[in-house]
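Subject: A structure for you to explore

Hello! Here is the structure I promised to pass on to you. Please open it alongside this email, and then read on for what turned up in it.

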Amino acid sequence: GVSGVRGCAGERGQRGGPVLWARGPMEGAGSYQDLVAAVAVNGTSSEAAVAAANAGGLAARAASPSGEYDSPHRHYEVRIVSGNSNRPLAETISRLLHIELTAADVTKFKDGECNVSIKENVRGADVFVLQSTSPPVNDHLMELLVIIDALKRASARRITAVMPYYGYARQDRKAAPRVPIAARLVADLIVAAGAHRVLAFELHAGQIQGFFNIP
């Protein structure tokens with residue numbers, strides 16, 4: 001197995017994606033960090049690390065009298081869902097992690113409304129939604145919110161919004177009378193939609209982190 005790595009035993013999911021042991025939805029580091037840690041410890045490819053983790057999981061099951069895993073950690077499958085903001089980036093991440101993108105249709109109705117349909121079962125999965133709120137900001141933001149809502153209603157265990165670009169970040173304070181703090185509004189919308197965590201890069205100001213009541 002992968003010695004010294006917390007929560008890194010599992011087995012292959014139905015679609016070939018790794019099923020990794022990790023803590024529950026709100027209990028610290030998740031399965032993506034486990035996979036990265038496994039790669040770092042083994043000094044090898046993510047595919048080999050997952051194979052080692054799988055072997056450790058099977059050994060644990062064989063050693064268990066009940067035939068189940070004797071582990072304090074829950075297991076769930078890692079999924080990646082992409083919106084339309086940066087599909088090539090999502091495909092590159094998917095290839096590097098050896099996790100196939102989850103099939104999803106993100107289209108528009110004739111009146112311009114966002115229409116999302118998740119084509120695969122994500123019940124109990126750890127889902128990463130890759131969607132920048134880059135220009136056109138409003139369209140991509142709405143896509144993100146609707147994707148999160150669709151995943152929540154599909155019973156995904158944990159939803160992480162991965163946002164390489166955080167739209168409305170410049171409106172992070174009340175710089176004049178009668179103006180909004182739109183960065184806080186966006187944070188509230190993401191949380192209300194059902195995200196459990198947000199992963200962002202190059203925030204306009206560090207104080208935006210405080211707008212969220214989730215990790």
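Let me start with a question: does aspartate 105 count as buried, partly exposed or exposed? At 38% relative accessibility, aspartate 105 counts as partly exposed. Here buried means under 20% relative accessible area, exposed means over 50%, and partly exposed is in between (1.4 Å probe, protein chains only).

Before going further, a word on the source. This is a predicted model, in which local features need pLDDT of at least 70 and side-chain atom pairs count only at pLDDT 80 or more, while totals for chains, interfaces and linings use all residues. Residues are numbered from 1 along each chain as its sequence is written, and side-chain values use heavy atoms, leaving out hydrogens and water.

Now to the salt bridges. The structure holds nine of them, each one a side-chain nitrogen of Lys or Arg within 4 Å of a carboxyl oxygen of Asp or Glu. One of them joins the side chains of lysine 119 and aspartate 105, at 3.5 Å from N to O. This pair links distant parts of the chain, 14 residues apart: aspartate 105 is in strand β4, and lysine 119 is in the loop between β5 (114–118) and β6 (126–130). Helices (H or I, at least four residues) and strands (E, at least two) are DSSP runs, numbered from the N terminus.

Another salt bridge pairs glutamate 77 with arginine 79, with the closest N and O atoms 3.6 Å apart. Glutamate 77 counts as buried at 15% relative accessibility, and arginine 79 counts as buried at 5%.

Helix α3 (residues 87–97) is worth a look too. Its buried residues are Ala90, Ser94 and Leu97. Seen down the axis of α3, they fall within an arc of 75°, so they line one face of the helix; the arc is that of the directions from the helix axis to the C-beta atoms. On the other side of α3, Pro88, Arg95 and Leu96 are exposed.

Arginine 87 is partly exposed, at 36% relative accessible area, and glutamate 91 is partly exposed at 40%. Just after α3, histidine 98 takes a positive phi of about 60°.

Enjoy exploring!
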